[in-house]
Amino acid sequence: MLLLKWLKILLPLSLLTGCGFNLTKVEINEQTFVFAMYVNKSQKDGSVEVTISAPLPNRLTSGRQAGGKGGGDPYAMVTKSSTTVQDALHLIQRDLSRRFDFSHTKVVVVGKSYAEAGLEDLMDWLQREPTTNMSIYIMVAPGDAKKVAELTPVFEQMPSEVLIRFADQHNMITTNLKDCLFADSGNQGYALTYLAAGMKPMVADQEKLEPWTGIQGTALFR
């Protein structure tokens with residue numbers, strides 16, 4: 001009788017636990033994992049241009065080189081413009097078959113003209129987005145941020161991986177989102193890595209000129 005009594009108590013609880021698990025489970029194949037984001041000042045007054053870079057799982061196969069001919073690049077980039085970063089991302093989301101996930105975003109690159117106008121809108125969205133990784137590295141491009149995304153990832157699969165390697169190897173100022181928010185809350189300035197972008201001959205491709213990105217210096221914000 002005692003055993004039967006305990007079964008009556010535990011059985012409903014186990015069923016509820018199973019239901020909760022199924023309701024909160026998110027399928028990976030329904031997500032778009034954004035690895036990098038590029039933000040520019042749009043040509044229209046008061047508008048911002050946002051570009052996301054996300055991997056294509058069906059092209060991330062072992063043995064395939066990034067940018068290799070025939071199979072295409074292992075990542076996709078989508079660009080939209082609007083009055084705010086949030087609105088631009090909303091326009092991008094409408095054209096995608098999967099939902100955004102920024103938990104794997106490691107790099108945000110802003111164009112020079114957008115950086116000079118202030119990063120308040122971008123910072124506001126980043127701290128409000130629930131999937132944001134507080135360790136995101138923020139960098140400044142010398143011109144159009146999308147030019148940085150065109151770099152040739154010689155040793156990696158995606159351009160964003162090259163930028164992450166710069167930080168991991170301590171070749172740049174490793175200022176992340178958390179550092180910027182702390183500095184801003186304390187009414188202090190902070191420094192971001194200022195990138196260089198241009199064309200460089202690739203030895204592996206018979207000195208053919210390809211897009212290249214490196215470290216140029218430091219951008220100061222106050």
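Which residue forms a salt bridge with Lys80, and how far apart are the closest N and O atoms? The partner is Asp95, with 2.9 Å between the closest N and O atoms, a salt bridge being a side-chain nitrogen of Lys or Arg within 4 Å of a carboxyl oxygen of Asp or Glu. The model is predicted, so local features need pLDDT of at least 70 and side-chain atom pairs count only at pLDDT 80 or more, while totals for chains, interfaces and linings use all residues. Residues are numbered from 1 along each chain as its sequence is written, and side-chain values use heavy atoms, with hydrogens and water left out.

**Salt bridges**

- A search of the whole structure finds four salt bridges, and the one between Lys80 and Asp95 links distant parts of the chain, with Lys80 in strand E4 (residues 75-82) and Asp95, 15 residues apart from it, in the loop between helix H2 (85-94) and E5; helices (H or I, at least four residues) and strands (E, at least two) are DSSP runs, numbered from the N terminus.
- Lys80 counts as partly exposed at 27% relative accessibility, whereas Asp95 counts as exposed at 52%; buried means under 20% relative accessible area, exposed over 50%, and partly exposed in between, with a 1.4 Å probe and protein chains only.
- Asp124 and Arg128 also meet through their side chains in a salt bridge, at 2.8 Å from N to O, and because these residues are four apart in helix H4 (residues 120-128), about one helical turn separates them.
- Within that pair, Asp124 is partly exposed at 33% relative accessibility, while Arg128 is exposed, with a relative accessible area of 61%.
- Lys146 and Asp144 form a salt bridge with an N to O distance of 3.3 Å, and Glu49, Asp144 and Lys146 are linked in a network of salt bridges; Asp144 is partly exposed, at 31% relative accessible area.

- When neighbours within four places in sequence are left aside, Asp101 is in contact (heavy atoms within 4.5 Å) with Gln31, Thr32, Phe33, Val34 and Thr131.

**Nonpolar cores**

- In soluble globular proteins, nonpolar side chains tend to be buried together.
- The largest nonpolar core has 33 residues, and those with the most contacts inside it are Met37, Leu89, Val110, Leu119 and Leu122; such a core is a set of buried Ala, Val, Leu, Ile, Met, Phe, Trp, Tyr and Cys residues joined through side-chain atoms within 4.5 Å.
- Apart from this core lies another, of 18 residues, which includes Ala36, Val107, Ala145 and Phe166.
- Met37 touches residues including Val50, Ile52, Leu89, Phe102, Leu122 and Trp125, with residues up to four places away in sequence not counted.

**Aromatic pairs**

- The structure holds three aromatic pairs, defined by rings of Phe, Tyr and Trp (its six-membered ring) whose centres lie within 6.5 Å, with planes under 30 degrees apart counted as stacked, over 60 as edge-to-face and the rest as tilted.
- The rings of Phe100 and Phe102 form a tilted pair, because their centres are 5.3 Å apart and their planes stand at 50 degrees; Phe100 is buried at 15% relative accessibility, as is Phe102 at 4%.
- Tyr190 and Phe221 form a stacked pair, at 5.4 Å centre to centre and 15 degrees between the planes, which links strand E8 (residues 190-202) to strand E9 (residues 208-221) across 31 residues.
- Both partners are buried, Tyr190 at 17% relative accessibility and Phe221 at 14%.
- Ring pairs also link Phe100, Phe102 and Trp125 into a cluster.

**Helix H6**

- Seven of the ten residues of helix H6 (residues 159-168) are buried, so this helix is largely enclosed by the rest of the structure; among the buried residues are Val162, Leu163, Ile164 and Phe166.
- His170, which follows H6, has a positive phi, near 60 degrees.
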